[in-house]
Amino acid sequence: MADENFDFVTAETDNIMVSAYQEPLEKQEDQARTLWAYCLRIENNSNEKIRLMRKDFCITDNHGHNHYEQSLGFHGELPDLEAGECFEFEDTITIDGDAAVLYGFCRAESESGQEIAVKLPLIQLNSNQYKTLQTAVCH
């Protein structure tokens, strides 16, 4: 996932590291909405196996509107990560206007049964900072 063209943000919870980047894909014809791609890389740096169970995300646009995304798994997948393994997830979202923030948690469960709320880094979606629109690819 290392690409020098993207600005990564990171957060760590209980030795689980989340790295993220975002990229605007296209402005809608009415210029009131922007399609964004974002990519998450979740690294299990703990000493035990974890299972990623769900995501609880919130997107707040520059008009103060909140959109909540709560779902089981990641595109229906419940990834198991051994110690030292990682999982990459990419998705798109359309926001009203040209700026928003995406924040929240990934819910994981350790092999010992402990529930872990893995904090996402704050992902700022601001199309004014991009001069050209490119497609984001998670490697």
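Two strands pair if DSSP finds at least two bridges between them, and a strand is itself a DSSP run of type E with at least two residues, while a helix is a run of H or I with at least four residues, both being numbered from the N terminus. The legends below describe a predicted model, in which local features need a pLDDT of at least 70 and side-chain atom pairs count only at pLDDT 80 or more, whereas totals for chains, interfaces and linings use all residues. Residues are numbered from 1 along each chain as its sequence is written, and side-chain values use heavy atoms, with hydrogens and water left out.

**View 1**
Read from the N terminus on, the elements run β-β-β-β-β-β-β-β-β-β. Of the 139 residues, 42% are buried, a word that here means under 20% relative accessible area, with exposed meaning over 50% and partly exposed lying in between (1.4 Å probe, protein chains only). The accessible surface, computed by the Shrake-Rupley method with a 1.4 Å probe and, for residues, with only the protein chains shown counting as cover, comes to about 7600 Å², and carbon and sulfur atoms hold 42% of that area. If a contact is taken as heavy atoms within 4.5 Å, then residues 24 or more positions apart account for 65% of the contacts with a separation of 6 or more.

**View 2. Strand S8 pairs with S9 and with S10.**
Strand S8 (residues 99–110) runs antiparallel to S9, and five bridges join the two; Glu109 has Glu115 of S9 as its bridge partner. With S10, strand S8 pairs in the antiparallel sense over four bridges, and here Val101 stands opposite Gln124. Strand S9 (residues 115–119) has a covered face made of Ile116 and Val118, while Glu115, Ala117 and Lys119 form its uncovered face. In strand S10 (residues 123–126), Ile123 and Leu125 lie on the covered face, and Gln124 and Asn126 lie on the uncovered one.

**View 3. Gly113 sits in the loop between S8 and S9.**
The hairpin of these two strands has four residues between them, and Gly113 takes a positive phi near 95° there. With a relative accessible area of 45%, Gly113 is partly exposed. The C-alpha atom of Gly113 is separated by 9.1 Å from that of Ile50, although these residues are 63 apart along the chain.

**View 4. The largest nonpolar core has 26 residues.**
A nonpolar core is a set of buried Ala, Val, Leu, Ile, Met, Phe, Trp, Tyr and Cys residues joined through side-chain atoms within 4.5 Å. Inside this one, the residues with the most contacts are Leu40, Ile42 and Leu52. At least two residues of the core come from each of strands S2 (16–27), S3 (33–44), S4 (50–61), S7 (86–96), S8, S9 and S10. Leaving aside residues up to four places away in sequence, Leu40 touches several partners, including Val18, Phe57, Phe89 and Ile123. In soluble globular proteins, nonpolar side chains tend to be buried together.

**View 5. The structure holds five aromatic pairs.**
Phe74 and Phe87 form an edge-to-face pair, 5.6 Å centre to centre and with 65° between the planes. This pair links distant parts of the chain, for Phe74 is in the loop between S5 (66–72) and S6 (80–81), whereas Phe87 is in strand S7, 13 residues apart. Phe74 is buried at 1% relative accessible area, and Phe87 also counts as buried, at 11%. The rings of Phe74 and Phe89 have their centres 5.1 Å apart and their planes at 75°, so this pair is edge-to-face. The rule behind such labels is that rings of Phe, Tyr and Trp (its six-membered ring) pair if their centres lie within 6.5 Å, and that planes under 30 degrees apart count as stacked, over 60 as edge-to-face and the rest as tilted. Phe89 is buried at 2%, and one aromatic cluster is formed by Tyr38, Phe57, Phe74, Phe87 and Phe89.

**View 6. Asn15 and His75 have positive phi values without being glycine.**
Asn15, with phi near 65°, is placed in the loop between S1 (9–13) and S2, where a relative accessible area of 42% makes this residue partly exposed. His75, with a phi of about 55°, is found in the loop between S5 and S6, and His75 is exposed at 59%.
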